[in-house]
Amino acid sequence: MSVKTVTSLTNATVKAVRALHMRKEREDSGLFLAEGLKIVIEAIDCGHAPKILMYGPDAADHPMLQKAAKACASAGGEVIEVNREILEKVSRRDNPQAVVGVFRQVYTPLSAIVPQSADCWVALQAVRDPGNLGTIIRTADAAGAGGVILVGDCVDPYSVEGVRATMGSVFAVKIAKATVQEFLAWREEWPGSVVGTLLTATVDHKSADYVKPSLILMGNEQQGLPPELAAACDVNVKIPMRGRADSLNLSVATGIMIYTVTG
């Protein structure tokens with residue numbers, strides 16, 4: 001197995017990996033960055049070998065690094081040992097992970113989704129916060145949901161911040177994306193309940209009659225579901241607010257809905 005050693009920030013591969021912090025570069029290359037040996041190993045266990053594997057001297061003797069390096073090399077990827085300065089620049093953190101992997105993005109076409117393969121699926125409209133999206137992907141994974149569908153202009157699920165928040169679940173959960181029009185047309189064939197959440201709804205989320213497979217549709221962090229998507233739901237429900245706060249964080253609300261529907 002061939003391992004390169006790179007110490008210069010001007011190295012072409014280092015510059016290309018650093019550029020993956022930019023959405024345009026991720027979209028153009030179809031690649032993304034994942035930090036940490038644990039996430040890299042989870043990716044490999046899910047069938048995703050890194051295209052590039054970078055590691056610092058502190059990780060060189062870790063037995064799991066050898067597994068990652070072999071998987072990368074077997075898939076025709078590059079295995080590169082770098083110094084701490086490069087890891088800091090690649091991660092944009094003063095205390096970087098000792099291992100960084102570059103992977104190919106994977107989107108599932110709407111046409112390839114099999115609703116009956118899971119009791120619950122999640123659709124998110126115009127979600128803006130990468131931390132929220134990453135946490136929702138992680139929660140969907142934990143609850144055994146089928147996948148997450150991004151509707152309209154959403155934040156990139158493969159941003160560095162979003163991938164961090166998934167804690168590796170980005171490799172285990174199906175991710176699809178669609179325009180509002182594509183989603184509405186596809187939703188017409190959904191065999192179970194399509195469930196929206198609205199502050200103005202009159203049905204409590206615990207008392208609704210959910211038909212599986214259920215598709216949970218959550219709106220933007222600020223505006224919530226727009227009228228055209230709320231109208232496309234079989235039922236709209238609300239999570240009651242009993243204290244002074246008048247709303248929940250999107251990832252928290254989505255987690256409550258996922259476990260309500262699957263419970």
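Which residues of strand β3 are buried on one side, and which on the other? I52 and M54 are buried on one side and L53 and Y55 on the other, so that both faces of the strand are covered. The views below belong to a predicted model, in which local features need pLDDT of at least 70, side-chain atom pairs count only at pLDDT 80 or more, and totals for chains, interfaces and linings use all residues. Residues are numbered from 1 along each chain as its sequence is written, and side-chain values use heavy atoms, with hydrogens and water left out.

**View 1**
Strand β3 spans residues 52-55. Strands (E, at least two residues) and helices (H or I, at least four) are DSSP runs, numbered from the N terminus; two strands pair if DSSP finds at least two bridges between them. Strand β3 pairs with strand β4 (residues 78-82) in the parallel sense over 4 bridges, and the bridge partner of I52 in β4 is E78. A crossover is right-handed if, with the strands pointing away from the viewer, the path from the first strand over the helix to the second runs clockwise. Strands β3 and β5 run antiparallel and are joined by 4 bridges; I52 stands opposite V102, and L53 opposite G101.

**View 1. The open sheet of 5 strands.**
The strand order is β1-β4-β3-β5-β2, with mixed pairing. Strands β1 (4-6) and β2 form the edges, each pairing on one side only. On average, neighbouring strands are turned by 25 degrees against each other, direction ignored. For this angle, axes are lines fitted to C-alpha atoms, and angles run from 0 to 180 degrees between N-to-C directions.

Rings of Phe, Tyr and Trp (its six-membered ring) pair if their centres lie within 6.5 Å; planes under 30 degrees apart count as stacked, over 60 as edge-to-face and the rest as tilted. The whole structure holds 8 aromatic pairs. In one of them, F32 and F103 are tilted, at 6.0 Å centre to centre and 35 degrees between the planes. This pair links distant parts of the chain, 71 residues apart: F32 lies in strand β2 (residues 31-35) and F103 in strand β5 (residues 99-104). F32 counts as buried because its relative accessibility is 1%, where buried means under 20% relative accessible area, exposed over 50% and partly exposed in between (1.4 Å probe, protein chains only). F103 is likewise buried, at 1%. One aromatic cluster is formed by F32, F103, Y107, Y158 and F171.

**View 2. A charge over Y107.**
The charged end of K177 sits over the ring of Y107, 4.1 Å from its centre. The criterion is NZ of Lys or CZ of Arg within 6 Å of the ring centre and within 35 degrees of the ring normal.

**View 3. Strands β7 and β8.**
Strand β7 (residues 147-151) pairs with strand β8 (residues 174-178) in the parallel sense over 5 bridges. The chain connects them through helix α7 (residues 160-166), and this β-α-β crossover is right-handed. In β8, A176 stands opposite I149.

A126, in the loop between β6 (120-125) and α6 (130-143), has a positive phi of about 50 degrees although it is not a glycine. A126 is buried, with a relative accessible area of 8%. M167, in the loop between α7 and β8, has a positive phi of about 55 degrees; M167 is partly exposed, at 39%. The peptide bond from K212 to P213 is cis, with omega near 0 degrees.
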